[in-house]
Amino acid sequence: MKKATVFNIFLILVLIPATLFLGTKLKGRWYYLTSTLMVIEIMIPFFLAFETRKPQARELVTLAVMCALAVASRVAVMIPNFKPMTAIIMITGIAFGPEAGFMTGAIGAFASNFFFSQGPWTPWQMMAYGLGGFLAGLLFCRRRTARNPVFLAVYGFLSIVLFVGPLLDCCTLFTVSNHLSWKYAAAVFGAGLTYNLQHGAACAATMLLFSKPLLSKLDRLKEKYGMMDARTA
Amino acid sequence: MNNDAFSQCHPLTNFLFFVGAIGFCAVIQHPIYLLAGAAGAAGYYLLLNGRKGWKLIGGLIPVFAVLSALNPLLNTYGKTELFTVFGRPYTMEALLYGMVIAGMLAVMILWFGCYSAVLTSDKFVCLFGGLIPSLSLLLVMILRMIPSLTRRAKQISDTRKSIGKGLTGAEGNKEKIQGGMRILSALTDWALEGSIVTADSMRSRGYGCAKRSSFQIYRFTVRDSVLIGLMAVFSLGTMLFGGVDAEFTPEIHVDNPTWGLVCYCAFLVIPLLLHGKEAVCRSIALKKV
């Protein structure tokens, strides 16, 4: 067995249950630390897979460009709170596959926080954006027929309001609640809903207008230079 | 790069300090420990940022107030009722608990602010470059590209403005979004075209042929081992002496402070003390000249 596989098995069978066990046994307020450690542990296999694969220069640079584009995209549209970032991450996942989507989301979130500020939210953002890209890639990467902009816009909106946004709200829940209860959860998710709806609408608008040109550009790149083909073809 | 003494230490020392400071802050809900953490974090943040640091600290105060006031609305446990809101009791215990939790969040944000200033991206890559070479190369490339793409986006939008397609405030949101997407589209083409050139040039210079080495400017000195040793002793002391428990609802119960509190304070003032020591040494050295 490969070293990475052994480590992943160790992670899933030993480290994650151990974290959960310790989190429930210790006295005091361990929600934030336990949940954040879990988030980091869940992301490790993705990073490890990328690292052990020894990505080629072309793949690396293209991923870097997509991450930077996702972060820099918020300068292009001058409307406050309009963030096309998630849509670009999802489109990358759709064009290059789930793994590329995850890397773009996770590393893009991490890198963007170097310009804003790292915070208790950093691991959660990495996880939420990464899984957003991963899920889009998983669902649409092999289905060329499903690449209808309207369909993708609906998908983007729903996946932010139902999946990415609530994941980010979980971070708020674990940081500010003094004990976990459904009442607290309802209050936090309710407070996050307006923001998530806004975020989802921005994603839908970007998908509607930008998914077709961007997907065709990325497909052309793939075809012309034979990149990222081993996994997506 | 900051000029304070702790920022000049090895990245590993910096990283371990922040793991400890943020980790303790996230877990200990004892009010005195929290106050110590707040003083340590605010002091170091002000040392790093100077007068500009007050902006974040001032901004955190309303957040703290709102979060503390909200908690009793959701959590009605507690003996001492202050007044009723919508027929539900608003208790003092829950209010105090809310203040502690809001304080923990505020202190954590301050520590992360210090972290961002001290552990810059080059230090991060220096720390993890050996462990995750491809990912840290990816990170370095992204960090370089974000400003360059932002600049290019501005160039494209300026060019569009000069042919009368600028985005001024007069138009509606629809035009703004459409225009923004045009800019994004042009930017994507520009950036992806460049990426192929970069990648080919990387390959022709031998990327992937051998283990990547990275430029290391930081040296692990005796000072770093001493600091890491001190941090280990102080954090062990904090954990072993105990006295960190605090319960708020339904009844307030706070442990009496022990030697653990002293250890915790000693841990937190390491960067400030280091700076003070450097300043004193410097003034003595200047007097000798």
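How many residues of domain 1 of chain A are in contact with domain 2 of chain A, and with how many residues there? In this predicted model, 15 residues of domain 1 are in contact with 25 residues of domain 2.

**View 1. The boundary between domain 1 and domain 2 of chain A.** Domain 1 covers residues 1-54 and domain 2 covers residues 55-232. Their C-alpha centres lie 23 Å apart. Between them the two domains bury about 1800 Å², 72% of it on carbon and sulfur atoms. Four residue pairs are in polar contact between the domains.

**View 2. The salt bridge of A:Arg53 and A:Glu59.** The closest N and O atoms of A:Glu59 and A:Arg53 are 3.0 Å apart. The count of salt bridges between domain 1 and domain 2 of chain A is two.

**View 3. The aromatic pair A:Phe46 and A:Phe134.** Over all chains, the structure holds 23 aromatic pairs. In this one the ring centres are 5.2 Å apart and the planes stand at 85 degrees, so the pair is edge-to-face. A:Phe46 belongs to helix α2 (residues 31-52) and A:Phe134 to helix α6 (residues 122-140), 88 residues apart. A:Phe134 is partly exposed, its relative accessible area being 23%.

**View 4. The aromatic pair B:Phe6 and B:Tyr44.** With centres 6.2 Å apart and planes at 75 degrees, these rings are also edge-to-face. B:Phe6 lies in the segment before α1 (11-27) of chain B and B:Tyr44 in helix α2 (residues 31-49), so the pair ties together parts 38 residues apart in sequence. B:Phe6 is buried at 0% relative accessibility, and B:Tyr44 is buried with a relative accessible area of 0%. Ring pairs link both residues into a cluster whose members include B:Trp111, B:Tyr115 and B:Phe267.

Definitions and conventions. Residues are numbered from 1 along each chain as its sequence is written. Chains are lettered from A and ligands numbered from 1 in the order in which they are written. This is a predicted model: local features need pLDDT of at least 70, side-chain atom pairs count only at pLDDT 80 or more; totals for chains, interfaces and linings use all residues. Side-chain values use heavy atoms; hydrogens and water are left out. Rings of Phe, Tyr and Trp (its six-membered ring) pair if their centres lie within 6.5 Å; planes under 30 degrees apart count as stacked, over 60 as edge-to-face and the rest as tilted. Helices (H or I, at least four residues) and strands (E, at least two) are DSSP runs, numbered from the N terminus. Buried means under 20% relative accessible area, exposed over 50%, partly exposed in between (1.4 Å probe, protein chains only). Domain bounds come from an automatic or database domain assignment. Contact means heavy atoms within 4.5 Å. Buried area is the accessible area (1.4 Å probe) that two parts lose on being put together, summed over both. A salt bridge is a side-chain nitrogen of Lys or Arg within 4 Å of a carboxyl oxygen of Asp or Glu. A polar contact is a pair of N or O atoms within 3.5 Å; within protein, one must be able to donate a hydrogen and the other to accept it, and residues adjacent in sequence count only if both atoms are side-chain atoms.
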